[in-house]
Amino acid sequence: MLSFAVLLFEAAYIVESEQLIEHFEDFFIPENFDDYLIDDDAGEKDKTSIRRMFCDTGDILTRANSILKDDPFCLEANYVSYRLNEETIVDSYFKGLYLNNINYDSFTNYEKKNYLQALSMYVEFLSEIRYRTLAIKVAKKIAQLEGKYNHDLLLNLAFLYSVTENADEFYELYLNVEFEDIVPYLLLICVELKNDDEIKAKEVLSEFLNKYEYGTYIDHIWDLENDSSMEAVEFKDAVNLCFDELVSVPYFFTWCSNNKERNYQS
């Protein structure tokens, strides 16, 4: 069964524009429409937009741009536009979409879901071009509209706060939202150390060690090389994902080693 999630997964790591165009044009063909999973909340207008993505003629980008003029909530067209259009066009379009958040309450349930996913694309785009201040603003707006910080949004914000070394907002996020991933903990410790706040860094480290059994390996992760348990793999993957940020504090792993021992003794 084809779905938007499948489209995202298959296109995520395609970098070359020609390969991406080929992938989209192979995906959006009439033969695939009947096998495409459409959200139950989609109305007839929404289904028509999706059908046009699969069945209209012309190149895939022209098709997407044409659909978005009639239906800015078409998730498939938004994704193709985001991945294939020039940066100035992507920024201008998504900025207009973002400013439409004042009308969010008037959207249908389907439109609300697609709108939030489209704004998430904008956050990714802004992060890619290093427009991090606006990326944070848009991410916080998504959380406000949705009423929560979903997993991907929380991870994006953690990296954004990390690269901007924004300790105050990152720590406030930590106090108000439960971290359900290893990465935000490690990045917050790193940012607090960069801001010379060892007290908060120790607080976060203590909670991290209490929550994750394998956290004790933070200063000797190589000992997990042959451990294929789910917890060990999760921990290794998390460290690898944010490794560049962690080593931007030259003494990070030594500091963790010294302070985890104090945590055990307290």
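Tutor: Helices are DSSP runs of H or I with at least four residues and strands are runs of E with at least two, both numbered from the N terminus. The model is predicted, so local features need pLDDT of at least 70 and side-chain atom pairs count only at pLDDT 80 or more, while totals for chains, interfaces and linings use all residues. Residues are numbered from 1 along each chain as its sequence is written, and side-chain values use heavy atoms, with hydrogens and water left out.

Student: How many helices are there in the protein?

Tutor: The C-alpha atoms of the protein fill a box of roughly 65 × 40 × 35 Å along the principal axes. There are zero strands in the protein, and the number of helices is 16.

Student: What percentage of the residues in the protein is buried?

Tutor: Buried means under 20% relative accessible area, exposed over 50% and partly exposed in between, with a 1.4 Å probe and protein chains only. Among the 266 residues of the protein, the buried share is 46%.

Student: In which helix does Phe 208 lie?

Tutor: Phe 208 counts as buried, at 0% relative accessibility. A nonpolar core is a set of buried Ala, Val, Leu, Ile, Met, Phe, Trp, Tyr and Cys residues joined through side-chain atoms within 4.5 Å. The largest such core has 95 residues, and Phe 208 is one of those that touch the most other members. Its place is within residues 198-211, which form helix α13.

Student: With which residues is Phe 208 in contact, leaving aside neighbours within four places in sequence?

Tutor: Contact means heavy atoms within 4.5 Å. Beyond the sequence neighbours within four places, the partners of Phe 208 are Ile 182, Tyr 185, Leu 186, Gly 215 and Phe 235.

Student: How far apart in space are Ala 64 and Ala 77, C-alpha to C-alpha?

Tutor: Ala 64 is found in helix α5, residues 60-70, and counts as buried at 0% relative accessibility. Its contacts outside four places in sequence include Ala 77 and Met 53. Ala 64 and Ala 77 are 13 residues apart in sequence, yet their C-alpha separation in space is 4.5 Å.

Student: Are helices α6 and α8 roughly parallel or roughly antiparallel?

Tutor: Axes are lines fitted to C-alpha atoms, for helices over the stretch in contact, and angles run from 0 to 180 degrees between N-to-C directions. Helix α6 (residues 75-84) and helix α8 (residues 109-128) pack with their axes 10 Å apart at an angle of about 10°. Angles under 35 degrees count as roughly parallel, over 145 as roughly antiparallel, 65 to 115 as roughly perpendicular and the rest as oblique. Therefore α6 and α8 are roughly parallel.

Student: What is the value near which phi of Asp 196 lies?

Tutor: Asp 196 is found in the loop between α12 (182-194) and α13, and is exposed with a relative accessible area of 69%. Its phi is positive although the residue is other than glycine, and lies near 60°.
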